[in-house]
Amino acid sequence: MEGGAQAVAGPSGARVSERWARARSSPYLLLLPAGLALAAVAAYPLIYGLRSSFERYRFGRDLGSAGLANYRSILHDHVFWTAVGTTARYVIFAVVIETLLGLGLALLVSRELRFGGIIRVGLILPMTIAPVVVGVIWRLMYASDIGIVNPVFGWLGLHEPNVLANTTSAFIGVVAVDVWEWTPLLFLIILAGLQSLPQEPLEAARIDGAGPVRTFFDHTLPLLMPVLMVAVVLRTIDAIGTFDQIFVLTKGGPGTSTQLISTYAYNTAFLFTQYGRAMAMMVALLVFLLLLMIVAIRLMRRAAARSAA
Amino acid sequence: MTRRRSTIAVWVVLGLALLVAIFPFWWMLVTSFKRPVDIFAGVSLWPQHLTFDNYSRLFGPYHMGSFLRNSVLVVTVAVAVSLVLGTLAAYALARFRLRLGLNEHALVAALLVRMLPPILLVIPLYIVLSKWGLLNTRLGLIVIYSGLNTSFVIWMMQSFLEEIPRDIEEAAMVDGDSRLTALRRVVLPLAAPGLAATAIFSVITTYNDFLIALTLTSTPDAQTVPVGVSTLIGKIQIEWGPMAAAGVIGALPIVLFALAVQRHFVRGLTLGAVK
């Protein structure tokens with residue numbers, strides 16, 4: 001039981017410090033179960049996956065070492081690179097649009113406080129439900145026979161798009177669903193950021209006669225930056241892993257127009273049982289994501305420090 | 001005058017945003033109460049003939065009852081286990097300075113696990129679980145979800161526990177409580193709002209998971225609600241009515257839970273960076 005942990009704050013009475021000393025070893029024991037759980041479901045699979053990216057599989061059976069063959073094969077797999085490009089476009093379009101819309105809405109709501117609560121609840125509903133249900137909702141909206149998107153385009157005198165049936169419109173369609181689902185996240189975070197801003201610099205600017213636009217770019221935006229960056233990076237990491245909605249809406253089609261890295265890896269592993277190749281893709285993705293996650297943690301720490309100060 | 005006009009413009013924009021956010025839910029709800037004939041009879045924002053047939057078929061031939069039972073069981077047990085494991089660890093991190101910079105490293109590790117997209121984990125998890133004979137079992141799902149969610153609980157509870165003053169538990173320990181008794185009797189009641197928010201967030205993310213359950217389960221014996229919903233889409237001819245009903249059932253509990261924690265939403269979603 002006795003270890004070497006040190007209590008952070010020394011308590012006052014002598015009896016207390018005795019007790020404290022006796023309990024000193026326990027923090028490591030308290031950490032142990034959680035540590036084992038995380039090791040079992042995250043560290044172990046990742047290490048196992050890393051190893052299997054160097055193995056050859058046929059019909060799901062491990063046939064021994066493949067050296068770098070899996071990595072060489074994805075390097076020359078143009079479907080994989082198409083999926084990488086599609087994922088990049090998907091993430092960039094979605095995150096940029098969500099950030100702009102979220103920022104705009106947050107600025108509006110922070111000004112208009114009457115019914116603010118109800119509006120907030122309504123606006124955040126899309127991101128609370130399962131992404132699979134989001135997929136179902138938009139299948140029902142987009143469907144050419146029973147949906148409502150086609151009739152609305154018709155009423156407006158526009159060409160009825162049949163969203164999920166054509167390559168370009170399907171891509172726009174899945175990005176639009178992402179925007180519908182996740183703009184609320186950016187909205188909420190930015191709103192919280194706006195409401196915690198110090199009022200003095202903004203007041204001072206107003207008194208100096210700066211218009212709302214000037215005030216926003218000179219004062220509000222720079223002050224908001226730490227929070228905004230956290231929101232954008234977290235959303236980007238999340239968007240790169242998008243799978244559920246695509247699986248429900250298009251399964252990556254038509255053609256490969258909405259095929260993301262995640263859906264391609266899923267197909268490679270579970271339709272073609274090429275676990276090694278799929279894991280090689282995932283290792284490449286993990287390296288990229290780890291870089292982003294390190295950035296995210298830095299930014300989060302900075303934002304948290306600022307909001308504490 | 002211009003001020004008045006700009007206020008009206010603001011409300012128009014907000015109303016439009018609200019309509020875009022809410023209307024798709026309404027469309028699903030309405031479709032779930034329509035007869036097949038009416039679903040195909042053109043746009044109607046109200047069921048022409050109200051029917052509960054889609055729901056009774058959903059719970060009959062489409063096994064929604066089993067999906068719900070599996071989800072409730074798996075989510076309850078996994079969240080309970082992860083709350084215990086995660087809170088104990090969070091307490092250690094919040095109250096002790098550990099060796100080797102463990103406080104810092106453990107939190108970062110928990111955060112990294114939380115941010116990993118499931119697609120990175122499911123392929124090896126599938127291989128490993130098939131070796132252990134846990135594929136297509138609720139136990140398998142419980143093990144995976146408990147472990148993954150522990151990372152989130154550690155992260156959230158560490159920040160909530162840090163906000164509770166130490167003096168109170170020290171006083172309890174002077175009165176003869178052991179550390180764990182003090183944690184249970186004094187600290188946790190004070191941390192109850194944070195614990196509740198963490199629990200509800202955990203329920204939402206665990207209930208909503210799709211990819212892990214999709215790959216690790218294959219029959220209604222173990223499949224959860226989101227997987228069940230997706231099985232209705234795979235058919236050659238899509239059964240729109242039951243599919244809409246399944247969406248409603250899938251969304252309903254989560255919407256209620258989400259409304260309960262909306263005060264803590266930002267903190268949960270930014271993993272504590274913004275409060």
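Which helix of chain A holds Val121(A)? Val121(A) sits in helix H5 (residues 116–128) of chain A.

The model is predicted, so local features need pLDDT of at least 70, side-chain atom pairs count only at pLDDT 80 or more, and totals for chains, interfaces and linings use all residues. Residues are numbered from 1 along each chain as its sequence is written, and chains are lettered from A and ligands numbered from 1 in the order in which they are written.

**View 1. Val121(A) and its surroundings.** Val121(A) is partly exposed, with 16 other C-beta atoms within 10 Å. (Buried means 20 or more other C-beta atoms within 10 Å of the residue's own, exposed 12 or fewer, and partly exposed in between; C-beta atoms are placed from the backbone.) Val121(A) touches Leu259(B) and Gln262(B), leaving aside residues up to four places away in sequence. (Contact means C-beta atoms, placed from the backbone, within 7 Å.) The C-alpha atom of Val121(A) is separated by 32 Å from that of Ile294(A), 173 residues apart along the chain.

**View 2. Chain A.** Chain A has 13 helices and 3 strands. (These are DSSP runs, numbered from the N terminus: helices are H or I with at least four residues, strands E with at least two.) Of its 309 residues, 42% count as buried.

**View 3. Chain A against chain B.** The contact takes 87 residues from chain A and 86 residues from chain B. On the chain A side, helix H2 (residues 26–52) gives the most, with 15 residues. That side divides into 69 nonpolar, 12 polar and 6 charged residues. (Ala, Val, Leu, Ile, Met, Phe, Trp, Tyr, Cys and Pro count as nonpolar, Asp, Glu, Lys and Arg as charged, and the others, Gly among them, as polar.)

**View 4. The largest nonpolar core.** Of the 169 residues in this core, Val136(A), Ile190(A) and Ala89(B) touch the most other members. (A nonpolar core is a set of buried Ala, Val, Leu, Ile, Met, Phe, Trp, Tyr and Cys residues joined through C-beta atoms within 7 Å.) Helix H4 (residues 64–95) of chain B gives the most to this core, with 15 residues. Val136(A) touches residues including Val248(A), Met28(B) and Val229(B), not counting residues up to four places away in sequence.

**View 5. H4(B) with H10(B).** The contact joins residues including Ser71(B) and Val75(B) of H4(B) to residues including Ala199(B) and Tyr207(B) of H10(B). These contact residues divide into 7 nonpolar, 4 polar and no charged.

How values were computed: Contact = placed C-beta atoms within 7 Å.
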